[in-house]
Each structure stands twice: as C-alpha cells, then as structure tokens.
Amino acid sequence: MKKNRNRKILTWINFLLDFRPYGPIAIIYFAQVTGSFALGLGVFSFISLAVVLLEVPTGIFSDMVGRKKTMILGAIASTLSIFLYALGSTFWILAIGAFFGGLAESFFSGNNDALLYETLKQSKKEKKYAEMLGKVNSMFQYGLAASALLGGFLAGWSLQFVFWISIIPQFLGFILTLFIQEPRKHEKKIDTIANHFKEAVKGFKKSWKLRNLTYGSMIGFGIGETLHQFLPAFFFFFFPTWALSIPRFFSRIFA
C-alpha cells in the first residue's frame, strides 16, 4: 500500500461528501415543497430515525464485508439522498431522501474511523491515530464552510438548483471511495444485532449514570439540531437569500 494513500483519500472524501451548498437553505426549500416549516423540520427527523435504526446493523455489516465496500455504499446512499432532495416534489420524496441520508451516515459512522485506524496500524503508526483523526475530520467543517458560501450565491437563482449542484461533489466523493485500499490486517468481529442490542439494554438498565447521560444527550442534541436547522428560516425574514450563507459559514469555520 502506498504510504498515507488511504489517509489522503479519506481527507478529500470527507471534504467532498460534506461539500453541501444546500445546507443554509435546506429548511427554506423543504418548507417551500411541503408547505410548512413544521413539515420541513420533519424531513430532518427521518435522518435521525434512519441513524437510530441502522447504526448497529451497518456497523456489523462493515465488520463482515470490509471498510471499503461499506464506504462505497455510504457514498452511493449520500448521492441518492441529495438526488431525491433535488426531485423533491412532495414531502414523502424528501423523507425518503432523508432516510437515505441517515443510511449514509450510518455506513460512515465508525467505519471510516476504523479504516483510518487499521490503515495506520498496518504501518505500525497507530499511536498517531488521534492526531490523524483530527486532521482528517477537520475537512468536514471546511467542506461545510466553503459550500455554505457557494450555496448562498446560487440560491439567488433557484433553491432547487442548489440541490442539483450539490450532487456533483457527492458523486466525486463516490469516485474517490473506489481508490481506497482495504487494510490487509482488517479484523472481522461478527456478532448478531440481537446480542449488540441485548448488551446495550443491559448496560442501560444497570447504570443510572448512563441513563442520565443518554437523556441529557437526547435532549441536548434534539434541541441543538433543531435550532441549527431552523436558524436560516429566522434569518430569512431579515436578510436576502444570498446572505443566509454568511452565518453558517462562520459557524462552520469556528467549529
């Protein structure tokens, strides 16, 4: 394996897959299609629903078939998700697109970090994992920040056009996943979904600290994510469409 090949490719995959110009105007577009901001926010809930349902199965799938194939499927699901958003003539088409978006997140969650670790371990550099993980994952925020500015500019022509443009970086990210090399020392740890679920429920019942952390995380993430997605709708009453990207740009840069 060429030195650092996977790390470099993964860096650009992260940038491209999170290069989403539609980010600052998504809630406005969803509300325009569905007829209300409530239903528009409802579209985002399908992403979370898919992640909850598929997080464990896709993790097991990754252990069974390998990191590269899992990443390829995630990139396909991400591209299909935005394609359905762009079609978006009804709430249910948007909801299906959101479900595929959650599926993509589930494929990537854990799998990509494991790919990086196993790649470093193969060259006996696993001690640098934390440093490399920080560098690779920082590209998420750079991609989101850069695409936010572009999205605000393009939204002046058409909100739907922004989604069609957003398919391009997703497809390029998919192409890059084909050049990932599966780590030769990949360790398969296959278990049943039932056993994973049983272990999680057992730990949840036994530990009050775990329960409190879970409830706090649920409430914090739920409120925080809702505010994050809905904020452009608030700014929409005060700023022109092209300026909606500015707050999101600074938010991502500081992140």
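## Salt bridges

In this predicted model, the side chains of arginine 67 and aspartate 63 are joined by a salt bridge with an N to O separation of 3.0 Å. Both arginine 67 and aspartate 63 are buried. Arginine 67 also forms a salt bridge with glutamate 118, and here the closest N and O atoms are 2.9 Å apart. Arginine 67 belongs to helix α4 (residues 67-87) and glutamate 118 to helix α6 (residues 111-122), so this pair ties together parts that are 51 residues apart in sequence. Glutamate 118, like arginine 67, is buried.

The count of salt bridges comes to three. Another of them links lysine 135 with glutamate 131, the closest N and O atoms lying 3.0 Å apart. Lysine 135 and glutamate 131 are separated by about one helical turn, because they stand four residues apart in helix α7 (residues 129-154). Lysine 135 has a relative accessibility of 45% and therefore counts as partly exposed; glutamate 131, with a relative accessible area of 43%, is likewise partly exposed. Through shared partners, salt bridges join Asp63, Arg67 and Glu118 into one network.

## Nonpolar cores

The largest nonpolar core comprises 26 residues. Within this core, the residues with the most contacts are Tyr22, Ile25, Tyr29, Phe30, Val43, Tyr85 and Phe163. At least two residues of the core come from each of the helices α2, α3 (37-65), α4, α5 (91-108) and α8 (159-177). Helix α2 gives the most, with five residues.

Phenylalanine 30, one of the residues with the most contacts inside the largest core, can be followed in detail. Neighbours within four places in sequence aside, phenylalanine 30 is in contact with Gly35, Gly40, Val43, Phe44, Tyr85, Leu94 and Phe163. Of these contacts, Val43, Tyr85 and Phe163 are also listed among the residues with the most contacts inside the core.

## Threonine 34 in helix α2

Threonine 34 is located in helix α2 (residues 26-34). Its relative accessibility is 17%, and threonine 34 therefore counts as buried, the limit being under 20%. Two backbone oxygens lie close to polar side-chain atoms of this residue. The side chain of threonine 34 reaches the backbone oxygen of phenylalanine 30 at 2.8 Å. A polar atom of the threonine 34 side chain also lies 3.1 Å from the backbone oxygen of serine 36.

Which residues does threonine 34 touch, not counting those up to four places away in sequence? They are Leu39, Gly40, Phe91 and Leu94.

## Serine 106 in helix α5

Serine 106 lies in helix α5. Is this serine 106 buried or exposed? Its relative accessible area is 1%, so serine 106 is buried. With neighbours within four places in sequence left aside, serine 106 is in contact with Ala50, Val51, Leu54, Glu55 and Thr58.

How values were computed
Residues are numbered from 1 along each chain as its sequence is written. This is a predicted model: local features need pLDDT of at least 70, side-chain atom pairs count only at pLDDT 80 or more; totals for chains, interfaces and linings use all residues. Side-chain values use heavy atoms; hydrogens and water are left out. Buried means under 20% relative accessible area, exposed over 50%, partly exposed in between (1.4 Å probe, protein chains only). A polar contact is a pair of N or O atoms within 3.5 Å; within protein, one must be able to donate a hydrogen and the other to accept it, and residues adjacent in sequence count only if both atoms are side-chain atoms. Contact means heavy atoms within 4.5 Å. A salt bridge is a side-chain nitrogen of Lys or Arg within 4 Å of a carboxyl oxygen of Asp or Glu. A nonpolar core is a set of buried Ala, Val, Leu, Ile, Met, Phe, Trp, Tyr and Cys residues joined through side-chain atoms within 4.5 Å.
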